[in-house]
Structures are given as C-alpha cells and as structure tokens.
Amino acid sequence: MNAIEFDNCSVIFGGRPDRSLDLADEGLDRAAIEEATGQVMGVHDATLEVAEGEIVVLMGLSGSGKSTLLRAVNGLNPVARGDVRVRMGDQMISVPAASRDMLHRLRLNHVSMVFQQFGLLPWRSVADNVGLGMELAGIAKAQRRSRVAAQLATVGLEGWADRQVQELSGGMQQRVGLARAFATEAPILLMDEPFSALDPLIRTRLQDELMELQRQTRRSILFVSHDLDEAFKLGNRIALMEGGRIVQTGTARQIIADPVSDYVADFVAHMNPLDVLTAGDLSARGAGGRAGAGPQAEEAPLSADTPLRQVLAALAEREALPVQGGGVVRRADVLRRLTGR
Amino acid sequence: MERLTELVTGHKIPVGQGAEWVFDWLTAYAGALFNALAAGMQAMIDAILFVLTAPHPFAVIAAFMALAYALQRRVLISAGIGLGFLFILNQGYWHETMQSLTLVLAACVVCMGLGVPIGIALAHRPRLYAWVRPLLDLMQTLPTFVYLIPAIVFFGIGMVPGLIATVIFVLPAPIRLTQLGIASTPAALREAAVAFGATPRQLLWKVEMPSALPQIMTGLNQTIMLSLSMVVIAALVGASGLGVPVVRALNSVNTALGFESGLVIVVVAIMLDRLLRFRRTS
C-alpha cells in the first residue's frame with residue numbers, strides 16, 4: 001500500500017500556470033520558462049510513490065525542486081496540474097482537491113514535518129515546542145505533558161523539557177524538531193534536509209537515531225537531501241531530481257549500476273562507496289575456478305551482500321576471495337574500480 | 001513668463017475651504033456621533049482620574065512601586081520610581097501629574113486598543129498598507145496645532161479635545177510597530193505552524209503575536225512617550241495637567257515655574273519608560 005502518490009505533479013509559482021505548463025510539456029527548462037512567462041517552474045510532471053513504512057529520498061542539487069515537491073504533500077505549495085494523494089486511514093486523499101477542513105485534519109494527524117532550520121518557536125520551552133501539534137489539535141494540557149515527556153525520552157532529551165529552545169545546540173534543537181514531528185503520531189513524515197545544518201558528527205548520529213526510530217515505529221518518510229551518502233544510507237529508494245524534474249528513481253545500487261544520464265553519473269561519482277557497493281557488485285563474473293584462484297579455494301566465500309568496507313578489510317590479508325554463488329573479488333579489480341573505472 | 005505665473009496663481013486650489021467644508025459638514029451631520037464619542041472618553045478620563053486621585057498619594061506611590069517590581073523584578077527600578085514620585089510630591093505638582101498621567105493612560109488605552117488590531121490587519125494586507133502609509137505620515141507630520149482647531153470645534157474645551165489631538169498624533173506609532181512586528185515574523189515559523197495544522201487564528205495568537213511582542217511593547221513605550229510630549233499642547237485646548245504650568249510660565253516669562261514643571265515632565269517620562277521597558281527573558 002502506498003502512503004504518498006505523486007501523479008504527474010507540477011508546481012508553478014506566480015499566477016495562472018497554463019502557458020508555463022505548455023512550455024514545460026515542450027521540454028523547456030526553468031530559465032526559458034521564466035523568461036517567457038515570468039513564472040517559476042518549481043516541479044514538472046513528477047510521478048513517484050512512497051510505500052507505507054518506506055523511506056524515499058528526494059535528491060538533487062539545490063534548486064532542483066526537491067523541497068518544492070515535498071511541500072506539495074501537505075499543501076504548503078499549490079499543485080498546478082496533476083495530483084498528490086496522501087493516505088488517511090483506509091483512503092487516499094487528493095491534496096489539491098481537499099477541502100480546507102480535510103487539509104486541516106491531514107496536517108494535524110496524518111502528515112508531520114521536520115525542517116532544515118528547525119522551525120522551533122524561540123520563545124517557547126522545549127516541551128511546549130514538542131507539544132505544538134497536539135496543542136493545535138486541541139488536546140488537553142495534562143495529556144499533552146505525558147506524551148511530550150515520552151517523546152522527549154525517545155530522542156534523548158529527558159530533563160530538558162523546561163529549557164528554552166535557544167539554550168540548546170543545533171543538534172539538540174533538531175532532536176526537538178524530530179520529537180515535535182513524532183509527537184503527533186502522524187504516520188507520514190516529511191523531512192526537508194533536516195540534518196544539513198548540522199556538523200558532520202552530529203549529522204551521522206542523528207541519521208542513526210532516525211533509523212533506530214524508524215525501526216521502532218515504521219513511518220512512511222519522504223526525505224529531502226542533497227547529500228548522496230545520506231540518501232544512500234537512509235533511503236530504501238531514491239528519486240534524483242534535476243531542474244524540477246525527476247530523472248531517475250530506484251534503489252541506491254540500481255542508480256549506481258545504471259545511471260540514466262551524465263547528471264546522475266556525475267552525482268553518483270562523488271559518493272562514498274564503502275557502505276553501498278557489495279562483494280557481489282565487485283566480483284569478477286563466472287571466474288570460479290580460474291588459475292590464480294587456487295590458493296583461495298579453501299577460504300570461506302563472502303556473501304554477495306557484504307559491504308565494501310568489510311570486503312576491503314578481508315582483502316587486506318589476501319589477493320582475492322571467492323564470493324558465494326560464484327565469482328571472485330580481486331584486490332587489483334577493487335582498487336581499479338575505486339580509483340575511477 | 002508673467003502669464004505663466006498668472007496661470008499658476010490665478011486660480012487657487014481651495015484646500016482651506018475644502019477642509020472647512022468637510023468640518024462644517026461633519027459638525028452638521030455627525031454631531032451626535034461626536035457627542036457620544038466625547039461622552040465615552042470623558043467617562044474614561046473621569047474614571048482613571050478618580051482612581052489616581054482618590055487614594056492618598058502614598059498609596060498611589062506604593063501601588064506604582066509594586067507594579068514596577070512585578071513587571072521588572074528589579075528593586076532598583078521600583079525604588080527609583082518611588083523617589084521620582086516623592087520628588088513630584090515635594091515640588092507640589094502631584095495633582096497636575098495625576099491629571100497628565102490620566103491623559104497619557106487614556107491615550108494608551110485608545111491608541112493600543114485601535115493601533116494593535118489595525119497594525120495586525122495591515123500586516124496581513126500589504127497592498128492596503130501601501131495606501132494607508134501616507135495617511136499615517138500625514139497624522140504624524142501635520143503640525144499638531146492644525147488639528148487642534150477642529151478638535152475644539154467638535155469637542156469643545158477640556159481633556160477630551162486634548163485626548164483626541166494626542167491620539168491622532170500618537171496612533172501611527174503603535175500601528176507601524178505592530179505592522180512591522182507581525183510582518184517580520186520569520187516565514188519559517190509561519191510555515192512550521194501551518195504544516196502542523198494551525199488555523200489562521202492560531203497562527204496569529206500562537207506565532208505572530210508572540211513573535212511581534214517586542215515590537216508591540218516598543219509601540220506601547222512609544223505611545224506613552226509621545227503622549228507625554230503632547231501634554232503641553234493639550235494644555236492649549238484646556239486639558240488640565242503638567243502642561244498648564246508650562247504654558248503659564250511661557251506666557252509670564254517665569255523661568256522658575258517653567259523649569260520646575262518641565263523637570264517634572266521629564267521625571268514622569270523617565271519613570272514610565274523604566275516601568276514598561278520590555279526585556280525578553282532568555
């Protein structure tokens with residue numbers, strides 16, 4: 001079952017979009033459309049699904065339309081053409097066609113959001129920020145308190161409830177942002193570059209924490225990132241965007257193995273392969289019993305999904321290792337692959 | 001050249017007559033409205049004046065000191081305000097000071113009561129604000145004496161026309177500052193609240209107002225200071241208070257009286273400023 005469905009979704013900023021849509025259909029890029037109509041083409045013809053419990057990462061350079069597409073899900077950006085549907089219980093609700101009341105309920109209970117710049121109210125305490133969604137939904141204060149406390153505990157901020165938000169470091173502020181998003185118990189989570197403003201060490205830690213939270217609660221997450229390693233680490237699937245269009249969708253390994261364009265290939269060239277590539281990706285095909293493999297024959301074979309990091313550790317000792325299901329990884333092949341084909 | 005000059009000066013645009021015509025029309029047809037307004041404001045002024053003058057001065061001083069401590073949490077400010085009032089009592093201007101405070105407080109009530117809602121409405125309507133801005137400029141720059149004349153015509157002599165003149169002069173300040181505060185609410189905060197399902201009303205009360213609070217409080221402070229600057233002019237239309245001795249001193253070239261009453265006004269200004277200074281607790 002899908003949690004979010006984008007159906008040929010276009011977002012155009014500034015006035016009646018008809019002509020801009022025609023131009024976009026003809027394949028003109030954003031600059032050309034703006035010159036012709038004065039309107040900004042945010043996203044054009046995006047089609048994508050997010051299954052329940054899945055993390056899909058929207059990735060691309062800044063200005064590629066990732067955040068714009070994300071904001072169409074909870075109606076922060078208007079959809080000019082096409083459709084965005086979001087699961088509310090048993091049914092899929094079309095966001096552009098939703099009544100004001102429906103959109104209100106969607107935002108209160110079904111979709112929550114985490115922002116790059118945290119979006120915390122600086123005059124409020126940590127607890128009052130976490131409880132914002134519940135407060136807006138009109139939940140009584142006493143009930144709010146216990147849920148807020150529980151939520152703060154899951155992000156490791158027990159004992160900080162009564163502090164002012166400004167006293168917290170960036171990493172802790174974003175933990176508050178996460179707690180706020182989780183506190184509404186919305187099954188769908190939109191994350192707009194939530195970790196980009198943090199330093200690398202904290203970023204990694206929060207990514208791990210998010211994955212842990214995801215293991216526990218299984219939300220459907222649409223995650224925007226410009227960081228390839230983050231995308232490959234978190235995303236079950238990745239949608240690569242360029243100039244307002246989705247150019248490729250797939251798992252990390254599919255995209256690496258078969259980039260559809262130079263843009264994608266360029267993008268992928270800069271990733272850190274250690275956690276993405278596996279022994280299976282690197283093995284020389286069908287070379288099970290070749291000369292030179294002899295000394296390694298008695299070695300226990302690596303499983304095909306062993307990550308590169310461990311393959312390298314194993315290859316430190318030997319020249320080559322067999323892979324389960326046939327094939328061999330050789331030190332020389334791996335090194336050649338890593339230094340650029 | 002001469003004919004050109006004649007062309008320009010030949011027919012004077014009837015600005016003065018126009019204004020007069022408007023005021024005549026208003027007195028003729030809106031008299032009842034002005035009477036009701038005047039009665040309402042007179043009642044408010046009487047009530048405030050009663051609260052300030054009925055108790056013993058020491059009781060009033062104690063109340064202000066307690067208020068200062070409650071608002072600012074600093075003994076020094078509270079003590080300073082007590083000393084200031086004792087100085088006024090010592091100089092023999094207690095009653096005039098209370099009358100001027102009445103005018104200032106009444107102006108505060110009217111200006112904040114009108115200015116904050118108007119400022120919020122204008123912040124949400126940027127294009128309307130562009131139209132209203134020249135009017136606000138006009139209210140602030142038109143020489144005060146000019147609108148004293150219709151104020152007397154409509155409301156006679158006394159505290160009420162003084163209050164009206166004060167309000168016209170002061171009102172733009174809280175409107176502008178409220179508008180500024182609300183309009184400069186960070187877009188990211190608005191967006192976050194909307195994303196979590198805030199209605200427009202919740203957005204106003206839970207995001208925009210708290211975010212604009214420093215500016216709104218500055219607006220209150222400005223309202224008080226500008227109102228106080230109007231007490232002398234209000235005295236010209238018969239409002240009692242600290243302006244009266246100043247005007248009398250000017251007319252009789254009485255340096256001692258002038259400096260006494262002038263200094264008392266300064267003391268009142270400093271006390272009110274310290275009393276209502278806004279500090280965000282952080």
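Predicted model: local features only at pLDDT ≥ 70, side-chain atom pairs only at ≥ 80, totals over all residues.
1. The contact between the two chains draws on 23 residues from chain A and 16 residues from chain B. The area buried between chain A and chain B is about 1700 Å², and carbon and sulfur atoms give 69% of that area. Within the part that chain A buries against chain B, A:R107, A:W123 and A:L136 supply 36%, which is more than any other three residues.

2. Across the same interface of chain A and chain B, four residue pairs are in polar contact, both residues being at pLDDT 80 or more. On the side of chain A that touches chain B, helix 6 of chain A gives the largest share, which is four residues.

3. Over all chains there are nine aromatic pairs, and the pair formed by B:W25 and B:Y29 is tilted, with 5.2 Å centre to centre and 35° between the planes. Both residues lie in helix 2 (residues 15-29) of chain B, four residues apart, or about one turn of the helix. B:W25 is partly exposed, with a relative accessible area of 43%, whereas B:Y29 is exposed because its relative accessible area of 62% is over 50%.

4. Two further aromatic features deserve a look. B:F23, B:F34, B:F154 and B:F155 form one aromatic cluster, while in chain A the charged end of A:R163 sits over the ring of A:W160, 4.6 Å from the centre of that ring.

Notes: Residues numbered from 1 in each chain as written. Chains lettered and ligands numbered in written order. Heavy atoms only, no water. Phe/Tyr/Trp six-rings, centres within 6.5 Å; stacked < 30°, edge-to-face > 60°. Helix = DSSP H or I, 4+ residues; strand = E, 2+ residues; numbered from the N terminus. Buried < 20%, exposed > 50% of the residue type's maximum accessible area, 1.4 Å probe, protein only. Lys NZ or Arg CZ within 6 Å of the ring centre and 35° of its normal. Contact = heavy atoms within 4.5 Å. Buried area = accessible area lost by both parts, 1.4 Å probe. Polar contact = N/O pair within 3.5 Å; in protein donor to acceptor, adjacent residues only side chain to side chain.
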